[in-house]
Amino acid sequence: MSHRRVLLFVTALAVAVCWLQPAPAQAQDDPDLDLVPLQPDFTVVAMPTALRLPRYKSSFRVTHRFGRPLGAGDFGDLVEDLFGLDSGAQIGLEYRFGIMRGTQIGIHRTSDRTIELFAQYDLMQERDGRFVNLAVIGSMDGTNNFRDSYSPALGVVVSRSFAPVGTVFLQPIWVNNSNPLPSELTDDNDSFLLGVGTRIRVRPTVYLVGEIIPRVTGDDPGVNQASFGIEKRAGGHMFQLNFSNGLGTTMGQIARGGASNDDWFLGFNISRKFF
Amino acid sequence: MKESWMRRHVIAGGVLLALCGMSAACDEKLSDLTGPTPNLQPTLSSIQREIFDTTDSSGRQACTNCHTDAGRNPVAGMNLRSGVAHTSLVGVASSGKPGAVRVVPGDPENSYLIHKLEGRAGIVGTRMPRGNTLLTEGQIRVIKRWIELGAPND
């Protein structure tokens, strides 16, 4: 797809956003401003949650995955390398913004020069008496600073809380062009993912998280990306230490899978809500 | 209130539909990958026309400059002229490297033709094609794909 068409799409998206009239001052009783203790962040490790972002509020996230597999070399090497901290890393910066109630858009840029634009639209919430939270997500990755290899994705996030223990997540999502080769050279160049994740509240502000994102059909190189971690909420911050068998944090990267089930990488996420 | 709800759904639906529409156009074009042979396809007839028979604009020599029986014996006994290339390649043992097969249908990694084109360690003789200009990675990918598809005589 040409760069020009993508710019056209982004411009159209921006126009649609601008068309939304500025709302009156945020009502202080907006329930989206309230902390949801069982779903306190916008992602599990890499996969999104159905958490709503209040209108005209925003959130920022840093993702960091160290490039040294924890199993490389002996334990002494690992300690000398401070568990991978001395090695290179894949770093991502993300900013998301609530453009209207129940709707957020965002941008995520990783240090391999991939840019992901995404939008999430809330359809239902447990707090309204529904059985699950349900949100629709759409995104588009582009490599080389959004110039090449566009990978759009479309799916839903379903989550269900089991108070006071935690929340489970299910994320069916279709990623197009997950294999960047032309269709003539591949059997499949899209992937259908079925992410499953959980966040368990072990202390009032401490959680255990885990997710696995299998490719159930389509292109599936490498291994299905899986991650687990521990996190601590501190006010509007969330600090997460995680372990993953892949470095992917965008939908296209996740669809391309992890490196190997023998290679696990240390990483962390830090997020900050501005509300 | 209801109007606002409707408007939200219409906008969100429009954005999602736009994403769906755009996705259909996201595939990379094969011609962007095949450099000096933009019409190259993973079929034997296309490979014959664009690679075996033609010296391309990059200066890469046609294979049939040497691998032909027109007025000479084909180098390594491999005749790549149109009509006989398939029988010279597919399932045929290499005359240079004992045990190697030129093209193993469905298995490009074990096809000696690919080893020669990529200049892998262990090949006998020089990397092909001779001369200063080699096949591009994209051109080799297309040949690999033809082999992956079973190396049909298409």
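This is a predicted model: local features need pLDDT of at least 70, side-chain atom pairs count only at pLDDT 80 or more; totals for chains, interfaces and linings use all residues.
Where in chain B is Pro129(B) found? Keep that one in mind, everyone, and I'll start with the answer. Pro129(B) sits in the loop between helix 4 and helix 5 of chain B.

You'll find Pro164(A) in the loop between strand 6 and strand 7 of chain A. As background, most peptide bonds are trans, and most residues other than glycine have a negative phi.

Arg113(A) has a positive phi, near 70 degrees, and is not a glycine. Its place is the loop between strand 3, residues 103–110, and strand 4 of chain A. Asn177(A), also not a glycine, has a positive phi of about 60 degrees, and this residue lies in the loop between strand 7 and strand 8, residues 190–203, of chain A.

Now, are these two buried or exposed? Arg113(A) counts as partly exposed because 13 other C-beta atoms lie within 10 Å. Asn177(A) has 27 C-beta neighbours inside 10 Å, so it counts as buried.

Let's step back and look at chain A as a whole. Its secondary structure comes to 4 helices and 13 strands. Of the 275 residues in chain A, 44% are buried. If you take the contacts in chain A with a separation of 6 or more, 54% of them are between residues 24 or more positions apart.

How many bridges join strand 1 to strand 13? The count is 8, with strand 1 covering residues 58–66 and the two strands running antiparallel. One bridge to find on your screen is Thr63(A), whose partner in strand 13 is Asn269(A). Strand 13 is also joined to strand 12, residues 237–244, again antiparallel and by 8 bridges. For that pair, look for Phe243(A), which has Leu266(A) as its bridge partner.

In soluble globular proteins, nonpolar side chains tend to be buried together. In this model, the largest nonpolar core has 28 residues, and those touching the most other members are Val175(A), Leu193(A), Met251(A) and Ile254(A). Several elements of chain A supply at least two residues each to this core, including strand 5 (133–142), strand 9 (206–213) and helix 4 (251–255). Strand 4 gives the most, with 4 residues.

Which residues does Met251(A) touch, leaving out those up to four places away in sequence? The answer is Glu116(A), Ser139(A), Asp141(A), Ser151(A), Ala153(A), Ile173(A) and Val175(A). There is also a second, separate core of 24 residues, and among its members are Leu33(B), Leu40(B), Leu89(B) and Trp146(B).

That takes us back to chain B. In helix 2, residues 44–52, the buried residues are Leu44(B), Ile47(B), Glu50(B) and Ile51(B). They lie on the same side of helix 2 because they cover an arc of only 145 degrees around the axis. The cover over these buried residues includes helix 3 (85–89) and helix 5 (137–148) of chain B.

Let me finish with two loop residues. Gln61(B) lies in the loop between helix 2 and helix 3 of chain B. This residue counts as partly exposed, because it has 16 C-beta neighbours inside 10 Å. Arg127(B) is 66 residues from Gln61(B) in sequence, and their C-alpha atoms are 13 Å apart in space.

Val104(B) is in the loop between helix 3 and helix 4, residues 112–118, of chain B. With 18 other C-beta atoms within 10 Å, Val104(B) is partly exposed. Setting aside neighbours within four places in sequence, its contacts are Asn110(B) and Ser111(B). Val104(B) and Glu28(B) are 76 residues apart in sequence, with 28 Å between their C-alpha atoms.

Terms used. Residues are numbered from 1 along each chain as its sequence is written. Chains are lettered from A and ligands numbered from 1 in the order in which they are written. A residue is buried if 20 or more other C-beta atoms lie within 10 Å of its own, exposed if 12 or fewer, and partly exposed in between; C-beta atoms are placed from the backbone. The arc is that of the directions from the helix axis to the C-beta atoms. Two residues are in contact if their C-beta atoms, placed from the backbone, lie within 7 Å. Two strands pair if DSSP finds at least two bridges between them. A nonpolar core is a set of buried Ala, Val, Leu, Ile, Met, Phe, Trp, Tyr and Cys residues joined through C-beta atoms within 7 Å.
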